[in-house]
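Work through the exercises below with the sequence and the coordinates open. Each task is followed by a solution in steps.

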Amino acid sequence: MQEQPNNKLHGITLETILTELVAKYGWPELGYRIRINCFLEDPSIKSSLKFLRKTDWARKKVEELYLKGK
């Protein structure tokens with residue numbers, strides 16, 4: 001595996017990031033902070049991961065919120 005010393009998210013899966021954010025904020029607060037329907041209407045880890053893996057701008061917002069909280 002290639003070293004990525006400047007990538008703070010290296011080795012952290014999107015599922016881990018999302019799970020930690022949901023545990024920290026809960027779905028309602030997460031949906032308020034990042035206005036994405038998959039967080040607001042019948043949210044689940046599985047459906048959110050599916051959306052985030054296809055949508056770069058949304059994934060970037062989730063990663064930024066995660067890093068801001070660290």
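This is a predicted model: local features need pLDDT of at least 70, side-chain atom pairs count only at pLDDT 80 or more; totals for chains, interfaces and linings use all residues.

**Exercise 1. Overall fold**

Task: Determine which secondary-structure elements the protein chain has and how its radius of gyration relates to the globule rule.

Solution. 
Step 1. The protein chain contains four helices and zero strands. Read from the N terminus, the order of elements is α-α-α-α.
Step 2. The radius of gyration is 12 Å, close to the 11 Å given by the globule rule for 70 residues, so the chain is as compact as a globular protein of that length.
Step 3. The C-alpha trace spans about 40 × 25 × 20 Å along its principal axes.
Step 4. Of the 70 residues, 34% count as buried. Among contacts with a separation of 6 or more, 48% are between residues 24 or more positions apart.

**Exercise 2. The course of helix α1**

Task: Compare the end-to-end distance of α1 with that of a straight helix, and locate the bend.

Solution. 
Step 1. Helix α1 covers residues 14–33 and has 20 residues.
Step 2. At 1.5 Å a residue, a straight helix would reach 28 Å, but the end C-alpha atoms of α1 are only 18 Å apart.
Step 3. A bend of about 100° is found at G26 in α1. Within four residues a proline follows, namely P28.

**Exercise 3. The buried side of α1**

Task: List the buried residues of α1 and state which elements they pack against.

Solution. 
Step 1. The buried residues in α1 are L14, I17, L18, L21, V22, Y25, G26, W27, L30 and G31. G26 is also the site of the bend.
Step 2. The buried residues of α1 pack against α2, α3 and α4.

**Exercise 4. Aromatic pairs**

Task: Find how many aromatic pairs the structure holds and classify them by geometry.

Solution. 
Step 1. Two aromatic pairs are present.
Step 2. W27 and F39 have ring centres 5.7 Å apart and planes at 50°, so this pair is tilted.
Step 3. The W27–F39 pair links distant parts of the chain, since W27 is in helix α1 and F39 in helix α2 (residues 37–40), twelve residues apart. Both W27 and F39 are buried.
Step 4. For F51 and W57 the ring centres are 6.5 Å apart and the planes stand at 80°, so this pair is edge-to-face.
Step 5. F51 has a relative accessible area of 27% and is therefore partly exposed.

**Exercise 5. Salt bridges**

Task: State how many salt bridges the whole structure has, and describe those of R33, R59 and K60.

Solution. 
Step 1. A search of the whole structure gives four salt bridges; three of them are treated here, namely R33 with E29, R59 with E63 and K60 with E64.
Step 2. The R33–E29 bridge has an N to O distance of 2.8 Å.
Step 3. In the R59–E63 bridge the N to O distance is 2.9 Å. These two residues are four residues apart in helix α4 (residues 56–68), so about one helical turn separates them. R59 is partly exposed, with a relative accessible area of 28%.
Step 4. The closest N and O atoms of K60 and E64 are 3.6 Å apart, which falls within the 4 Å cut-off for a salt bridge. K60 and E64 are likewise in helix α4, four residues apart. E64 counts as partly exposed at 42% relative accessibility.

**Exercise 6. Two single residues**

Task: Is S48 buried or exposed, and what does it contact beyond its sequence neighbours? Then answer where D42 lies.

Solution. 
Step 1. S48 is found in helix α3. With a relative accessible area of 0%, S48 is buried.
Step 2. Leaving aside neighbours within four places in sequence, S48 contacts L18, W27, C38 and F39. W27 and F39 are the partners of the tilted aromatic pair.
Step 3. D42 lies in the loop between α2 and α3. At 72% relative accessibility, D42 counts as exposed.
Step 4. The phi angle of D42 is near 50°, a positive value in a residue other than glycine.

Note on methods:
Residues are numbered from 1 along each chain as its sequence is written. Side-chain values use heavy atoms; hydrogens and water are left out. A salt bridge is a side-chain nitrogen of Lys or Arg within 4 Å of a carboxyl oxygen of Asp or Glu. Buried means under 20% relative accessible area, exposed over 50%, partly exposed in between (1.4 Å probe, protein chains only). Rings of Phe, Tyr and Trp (its six-membered ring) pair if their centres lie within 6.5 Å; planes under 30 degrees apart count as stacked, over 60 as edge-to-face and the rest as tilted. The expected span of a helix is 1.5 Å times one less than its number of residues. The bend at a residue is the angle between axes fitted to the seven residues ending there and the seven starting there. Contact means heavy atoms within 4.5 Å. The radius of gyration is taken over C-alpha atoms; the globule rule is 2.2 Å times the number of residues to the power 0.38.
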